[in-house]
Each structure stands twice: as C-alpha cells, then as structure tokens.
Amino acid sequence: MAHEDRAGAGALSRGAALASTYRLQLRTPASDPNGRGFVLADVEDLVPYLADLGVGSVYLSPILEATPGSTHGYDVVDPTRVAAELGGIDALRSLRATCREHGLGVVVDIVPNHLGVDRPTANRWWWDALRRGPESPYFSYFDFDTEPANGADGRIAIPVLGSPEDVDELVVVTPTDTDASDASDTDADPQTELRFYDHRFPVAPGTGGGTAQEVHDRQHYRLVHWREPLLGYRRFFTVTGLAGLRQEDPAVFDATHAEVRRWCEEDLVDGIRVDHPDGLADPVGYARRLRELAGDDRWLLVEKILAPAEVLDPAMPVDGTTGYDALRLIDQMLVDPGGQARLTELAARYCGGPGDEEQVHEQSARLKRQIVLEDLAPELGRLTRAVRRDAAVGRDAGEVTSGDDDEEAQLREALVSVIAHTPVYRADYPVLRGTLPGILEGLHRDRPELGPALGLVAGALARAAEASVRLAQVTGAATAKAEEDRLFYRLGRLVSLNEVGGSPGRMGLPVDAFHLAMAERARATPLAMTALSTHDTKRGEDVRARISVLSQLPDEWAHLVSEVFRSFPPPAEDAGYFLLQVIVGVWPAGDDLDGHELPDDLRPRLHDYAEKALREAAVHTTWTSQDGDFESAAHGWIDTLLDSGGALLTPFVERIAPAGRDNSLIAKTTQLLSPGVPDVYQGTEVWEDSLVDPDNRRFVDYEPLRSGAVARGGHPKFALVREVLRFRRSHPASMATGPHLALPVQGPSSGDVVAFARIVDGHAAIGMIARRRTAVLGADDFRGTEVVLPEGTWVVRPGGPVISSRVDVGDLLVESPVVLIVREDG
C-alpha cells in the first residue's frame with residue numbers, strides 16, 4: 001500500500017486509537033527502591049482515567065525482558081517474551097481487553113538496534129555466542145568484529161577491566177563451586193565461568209583447565225581495559241553494555257521480532273514505535289520488513305531525529321517520527337527574537353561564545369572530530385578497514401588493504417573530516433542523495449592534501465557496501481554524542497532550546513513560518529507523532545516554557561545573573577550560567593511553595609542533574625576523568641543557592657512564572673491541536689518540572705487525577721488537555737490528517753497572535769487563539785488586533801462566550817493567554 005493511502009480512512013479504521021497517545025514508563029518492582037514498580041496491571045488500572053481524559057491509545061515503554069533491575073527497558077536481554085516482572089504476555093492480553101472495553105488502542109515501543117549485555121548471564125543469546133563463538137547459532141545475530149586486525153587477536157574484545165593488569169584478577173568458577181541457581185541466569189545447565197569480581201563470563205567447552213589466565217586466553221572473547229580503543233562489537237553510541245544486532249539478516253529479524261509478530265497476529269497492538277533506527281545497517285530495508293510484518297493498517301513510528309532542514313525519507317513505509325521535529329517548531333515559536341542580541345552578549349560573556357548558528361556548527365564539527373578520535377576510536381578503526389577492503393574490490397588486494405603510517409593517518413583524517421562535516425545523523429537515506437558527494441567536494445577544495453585519501457573513501461562509498469553502512473552508523477553515533485550529549489550541555493544562550501532535535505543556534509520562529517511548517521506536516525506526514533515531553537527530553541515542557549521567558553526579559557535576567565554571581569560566585573561562570581537557567585526553570589513559585597520551604601526533593605534532583613550536566617559537557621569534569629574538587633564546589637554552590645539564594649531567586653521566579661505558565665498553555669494547546677497524533681507524556685496533563693532522565697521517569701501520583709480532584713479544582717492545563725483530547729476522540733481521522741488553516745490576523749500586534757483552525761469533515765471545526773510574549777505584552781496591548789474567524793458560530797471552551805465573524809484579541813484573551821474555539825453550527 002502506498003504511504004499516501006495509509007493516511008486515509010483505511011489507516012484509521014481503529015477509530016480513537018490514533019486520536020492521541022499517552023506515554024507511560026513501566027518499571028519492574030526490582031528496579032524500584034520502594035519495591036512498587038509500575039507494571040502492566042497498573043496501566044490497566046489507569047485505563048478508566050485515561051479514557052475519561054480523552055486519550056486515544058496507551059503508549060507503553062519497552063515491555064520485553066530487560067536487564068534485571070533496568071529502570072527504562074531499553075536494555076532488552078530477551079526479545080522473545082514480554083517481561084515476566086511486568087506481567088508477561090497474559091498481562092498484555094488483559095490490558096488489551098480492558099483498553100478495548102474503553103475504546104483505547106495500545107502502542108508499544110520496540111528496540112531493534114541492540115540487546116543488553118552488561119549481565120551476560122541474563123542474555124542467553126549473548127552468553128552462548130561468547131561461549132561457543134562462530135559455532136553458536138546466535139553468533140551471527142550480533143554485529144561482532146573478529147577480524148585479526150581488530151587488535152584483540154581476532155577475538156571479541158570486551159572492555160570491562162579496570163586496568164590491563166586486572167586480567168590477573170580473573171578466577172575460574174566451576175559448577176561444583178556454586179549451586180545451580182547461581183551458576184547462570186540462562187536456560188542452560190550450570191557451566192564453568194570466568195569471573196572478574198561481579199562480572200561473569202562463559203567458558204567454552206573443553207577449555208576450563210589450567211590457570212584463570214590460561215582459560216581466558218582460550219576463549220572466543222578477550223577481556224580488555226575499558227580505556228583501551230578495543231571493541232569486538234558494534235554498540236549503541238558509546239554504551240558498551242548495549243550490543244548491536246544485525247537486523248539486515250532476515251533470520252535475525254525473524255528471531256528478534258517473533259514476539260512482535262505474535263502481538264500483531266493476536267491483534268494486541270495498534271501501533272509500534274521503533275527506537276533508534278539510525279543505528280541499523282539498513283533503516284529503510286528494516287522499515288519495509290517491519291511494515292510487512294505489521295500490516296498496512298498498523299501505525300508505525302520511528303525515533304528518527306531530523307535536522308531542521310531534513311525530512312523523513314518517503315522510502316520508509318512508516319507513518320512518521322516520534323515528534324521531536326514538532327517539538328522544535330513549537331518551542332521556537334514561543335521564543336522572543338527580540339532578546340537575541342542581549343542573550344547572545346551574555347552567552348559570549350559567560351560561556352565563551354555567542355551561541356549563534358556559526359558557533360554551533362563550528363563546535364559541532366570540532367566535537368564530532370574529538371568524539372570519533374577518542375570515544376569512537378574502535379568504530380573508526382573498523383570503518384577504516386572497511387574502506388580499504390571495499391576500495392580493494394577490482395584491484396590487487398595488497399594494493400589498498402594496508403598502508404604505511406602516514407597513509408593510514410591520512411585516511412583516518414579524511415574519514416573524520418567527512419563525519420565532522422555531515423549535517424545529519426546519517427546521510428545514506430535516498431532523500432539525502434548528493435550530501436556526501438558535496439562534502440567530499442568541499443574537502444577536496446579546502447584540504448587538497450587529503451586528495452588521495454578522499455579518493456579512496458569515494459571509491460569505497462561508491463560500492464554502497466560495508467564502508468557505506470559503517471560510515472552512516474559512526475556518523476549517527478558521533479552526531480548524537482557530540483551534539484545532544486555534549487554541545488547541548490555547553491551552550492548557554494537559552495538552554496530551553498538545547499533539546500533533542502533542537503536548533504539552539506536559532507532564536508525564535510515567526511508565526512507565519514510556523515503555520516507554513518504545520519501545513520506542510522499536514523500534507524507530508526499527517527500521522528506523525530507530535531511531542532512536547534519524552535523520556536529523552538533534557539528538560540520537561542513546562543521547565544522549557546519558563547526558561548524561554550528569559551528571551552522576553554533579557555535585561556532583567558542579566559541583572560539577576562550579575563547579582564547571583566556577585567553574592568554567590570559559581571566555581572566556573574560557564575557552568576554557573578547554564579545551571580542557573582535550569583534552577584530558575586524549576587524553582588517553585590506561588591502555590592508550589594509551602595510557606596517559605598522548598599520541596600524536599602528539589603535539592604537531590606538538582607544535584608543529580610548538575611552531576612550529569614557537568615560530566616556530559618566535559619569541560620571541567622567528565623564521566624571518565626572526574627574532577628572531584630570542581631564537582632564538590634559546584635554542588636556546594638547549588639546548596640548555597642538553595643539555602644541562601646531565595647531572596648534573589650524567588651522574586652525573579654515570581655516575575656517570570658506566570659508568563660512561563662502562559663507559554664506552557666500555548667505550547668500544549670498548539671501541540672494537541674496540530675496535525676498528526678499528539679502524545680501526552682505521563683503526568684504532563686498538569687504542571688510538571690521534570691529534568692533529564694532518570695528524573696523524567698519518576699513515578700506520577702495519579703490519585704488526585706483519578707479521583708477528580710484536579711478536574712474539580714479547575715486546573716487550567718488539565719482543562720485544556722481534556723477538552724482537546726475529547727474532541728480528537730470524536731474526530732480521529734480528520735484531526736490527524738486534516739489541513740492546518742492559519743486564521744487571518746489584522747492589527748498592530750498581529751505578529752504575536754497564534755490563531756489557526758483544523759478542517760474536520762470539510763469545514764473548520766476547532767481552533768485556537770493565543771497571544772505570545774505575555775511577560776511584556778498584556779491583554780490591553782492586543783486591543784485593536786483582530787482574528788478573522790471562519791464562517792459559522794463559534795464557542796470559546798471551556799465555558800466561554802459565543803463569537804463569530806471577527807474577534808478582538810485584547811477583549812477575548814483577558815483571563816487566559818489562549819482559548820479553544822469550537823464551531824457550534826454544522
């Protein structure tokens with residue numbers, strides 16, 4: 001079936017299932033310090049509330065068997081079964097039945113790129129592959145690197161030792177040394193093991209005699225120091241505990257998707273979300289196989305991070321991305337470009353650079369280079385070998401399979417330069433045809449000394465064989481690590497824009513450009529997801545909404561920073577400037593303050609965030625080379641602000657918090673009304689202040705929501721969310737796929753009015769009107785600015801007046817920065 005056909009009524013035969021989603025983070029009891037967990041039965045208990053809220057589908061985090069104690073589920077160890085601790089397949093069937101009773105669909109997150117291997121005993125495929133090597137039926141499942149040139153004598157290098165000498169600490173444990181229950185978590189009989197403290201590894205049959213070091217030398221794997229640039233398998237980014245799978249092999253696809261196939265055959269799921277397709281050898285081919293398995297009418301989404309000018313490749317038979325591209329548009333639309341000059345000046349002063357597009361591109365390229373040469377050195381070595389091998393086809397092998405040290409250095413430099421200049425995660429999608437030739441052309445011009453090496457690269461890539469795949473996989477990992485996991489923790493101009501898939505070098509999006517972008521989305525990917533918060537966002541939607549207010553009040557922000565730094569000097573101004581924005585973003589205001597007391601959990605949450613942010617930034621301290629003195633000073637600074645900084649911080653937060661909540665309401669309403677299928681991340685139907693994971697995967701207290709207390713209290717965000725979700729449930733097809741209609745706005749403040757409607761059953765049926773920049777513009781500033789309404793009679797919901805023809809924004813938006821308008825007549 002053509003992609004366009006799936007956007008029609010046939011793809012929406014499940015009715016409300018595609019009206020919206022509600023993302024839930026599952027947790028096994030073993031992963032919860034309190035032993036509660038949040039399992040499939042808990043989701044089932046929540047279904048009546050979600051149905052009343054207006055949700056279309058329950059959207060589950062990964063439910064397959066994961067590493068024992070996993071808090072997220074992306075480290076799957078057994079893809080052939082639903083995790084027993086979550087309730088198993090019977091709990092999924094029960095949830096499906098309850099969802100059907102309430103008119104809800106089910107969407108499940110799957111992880112095809114990798115399996116968890118931190119606990120080899122928990123992963124029977126990995127255990128057997130290490131134990132029996134190429135003789136194992138599972139050996140071909142993993143993307144192993146066992147070439148003799150891999151630096152590990154052709155064995156599988158596993159970086160786990162604390163130092164090269166730690167191989168002397170290995171011990172052999174035989175079945176007689178331990179009982180059967182402790183010998184292995186796999187289904188196999190107890191076996192001889194090699195142990196390095198808590199780490200356990202299998203011993204190949206017939207190789208268990210002699211010293212531990214002698215036994216180790218006989219294995220199909222080699223344990224190495226974690227700092228050595230040796231690795232015997234493709235991994236997820238730089239996470240050695242997640243080993244890549246060879247989904248390009250149909251046998252591997254079938255084995256790893258057997259459980260997914262059962263879900264589809266039993267009709268247990270309406271949609272599938274695919275984690276990190278860019279890590280696969282062939283994302284387009286994978287998507288085609290998954291579409292064939294799932295069928296034409298099942299919703300398929302890919303977690304594809306698109307650059308601002310990039311589009312989802314139409315060759316992929318999927319319905320869209322998971323929504324970071326929509327998140328970027330909405331966040332940018334709420335930023336005041338008038339604050340750009342002042343915030344740029346402050347970034348240059350405190351963070352060493354303006355944070356504009358030029359600096360972002362320059363730093364991104366520099367950090368990609370650093371990441372590839374250091375963190376991804378094993379991957380670079382494997383890519384280099386693949387280039388030489390592919391370039392050798394049709395020539396004498398000895399001519400190009402190896403070179404002297406200078407030639408090898410030139411080839412590596414050429415590859416690193418190509419990766420550093422690639423502006424997307426991977427450039428081998430059909431829609432990006434011409435990207436790599438253009439990069440090579442530029443490098444030939446700017447780096448003529450690399451000419452011979454670039455020729456070798458071009459020749460290898462022209463074959464579209466292994467080198468092309470390896471380059472794409474390394475580029476994706478380098479981009480993610482350099483930008484999302486490093487640069488976005490350094491840039492300080494406006495940290496609300498430092499988001500997954502974001503473009504922090506840009507500040508602000510004109511309303512007319514926003515409307516055009518949404519109209520294009522409605523035509524191109526009408527069933528794509530839209531998101532504001534996810535398990536991967538670095539700051540939750542309401543935190544970002546408040547931080548973005550700084551763009552409206554840059555001078556007041558500059559004064560606060562000056563006063564805070566004068567009274568409480570941070571250990572480094574760049575780190576302090578970055579963290580202060582986050583602190584202001586989560587500092588309680590108004591009713592959130594219990595008298596003058598801060599919430600008990602704020603301190604540990606900020607400390608956890610600061611530790612992660614500082615180490616990811618890798619400026620003053622890193623994960624692998626921690627500067628204890630600097631980290632202690634940073635934590636001390638945060639404690640000082642929490643204990644003594646309230647006199648400065650609280651008044652400022654009280655000043656910006658109302659506008660922050662205005663931004664939140666506008667963003668949420670925009671997301672829920674826009675083309676596509678909106679996702680409500682757990683708990684975001686009310687105010688939330690989550691930070692980066694694991695903070696954004698905290699348990700949500702659903703009792704006030706389920707009991708109706710929040711609804712009765714008139715919570716403004718909850719009221720808007722429920723109103724729009726219920727409307728979408730009534731019109732799922734038209735709301736997902738119908739056009740986005742920008743409403744004409746006339747008057748002096750027209751540039752700060754966001755007004756659009758959605759076409760339902762051939763006419764405009766629901767829309768929104770909002771006023772931006774509420775920290776500096778009040779309702780009176782919008783008097784004389786009018787929105788021209790579509791024909792018909794409209795009612796403002798919830799509980800507003802009836803309007804028609806045209807409406808004065810200043811008169812309409814006195815009590816709230818945003819209203820829903822719903823057409824009353826047919």
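Let me start with a hairpin: how many residues lie between β12 and β13, and which residue in the turn has a positive phi? Two residues lie between the strands, and F237 in the turn has a positive phi of about 50°. Keep in mind throughout that this is a predicted model.

β12 covers residues 235–236 and runs antiparallel to β13, joined by two bridges. F236 has V239 as its bridge partner in β13. β13 spans residues 239–244, and it also takes three bridges from β6, residues 114–116, again antiparallel. There, G116 is partnered with L242 of β13.

β14, residues 271–274, and β15, residues 299–302, are parallel and share four bridges. I272 sits opposite L300 in β15.

Next, helix α3, residues 88–101. Its length checks out. At 1.5 Å a residue, its 14 residues should span 20 Å, and the end C-alpha atoms are 21 Å apart, which agrees. Its buried residues are G88, I89, A91, L92, L95, R96, T98 and C99. Note that an arginine, R96, is in that list. What do these buried residues pack against? The answer is α2 (40–53), β2 (57–60), β4 (76–82), β5 and α8 (258–265). Just after the helix, G103 takes a positive phi of about 75°.

C99 deserves a word. Its relative accessibility is 0%, so C99 counts as buried. What about disulfides? A search of the whole structure finds zero. For C99, the nearest cysteine sulfur belongs to C264, and that is 16 Å away. The cut-off for a disulfide is 2.5 Å between sulfurs.

Over to α2, and to L50, which is found in that helix. Is L50 buried or exposed? At 0% relative accessibility, L50 counts as buried. Setting aside neighbours within four places in sequence, L50 is in contact with Y22, L24, V55, V58 and L104. L705 is 655 residues away in sequence, yet its C-alpha is 9.7 Å from that of L50.

Y22 takes us to the rings. The structure holds 20 aromatic pairs. One of them is Y22 with Y702, a tilted pair, 6.5 Å centre to centre with 50° between the planes. Y22 lies in strand β1, residues 21–24, and Y702 in the loop between β18 (677–681) and α26 (703–706), so the pair ties together parts that are 680 residues apart in sequence. Both partners are covered. Y22 is buried, with a relative accessible area of 0%, and Y702 is buried at 7%.

Another pair is Y138 with Y141, and this one is edge-to-face. The centres are 5.4 Å apart, with 80° between the planes. Y141 counts as buried at 13% relative accessibility. There is also a cluster. Ring pairs link Y350, W557, F565, Y577, W637 and F652.

Two last stops. Helix α18, residues 466–484, has 19 residues and reaches 27 Å from its first C-alpha to its last, close to the 27 Å expected. α18 is mostly covered, with 16 of its 19 residues buried.

Finally, where is S548 placed? S548 is in the loop between α20 (541–547) and α21 (554–567). At 4% relative accessibility, S548 counts as buried. Beyond its neighbours within four places in sequence, S548 is in contact with V335, L494, S496 and N663.

That's the tour. I'm happy to take questions.

Key:
Residues numbered from 1 in each chain as written. Predicted model: local features only at pLDDT ≥ 70, side-chain atom pairs only at ≥ 80, totals over all residues. Heavy atoms only, no water. Pairing = 2+ DSSP bridges. Buried < 20%, exposed > 50% of the residue type's maximum accessible area, 1.4 Å probe, protein only. Expected span 1.5 Å × (residues − 1). Contact = heavy atoms within 4.5 Å. Phe/Tyr/Trp six-rings, centres within 6.5 Å; stacked < 30°, edge-to-face > 60°.
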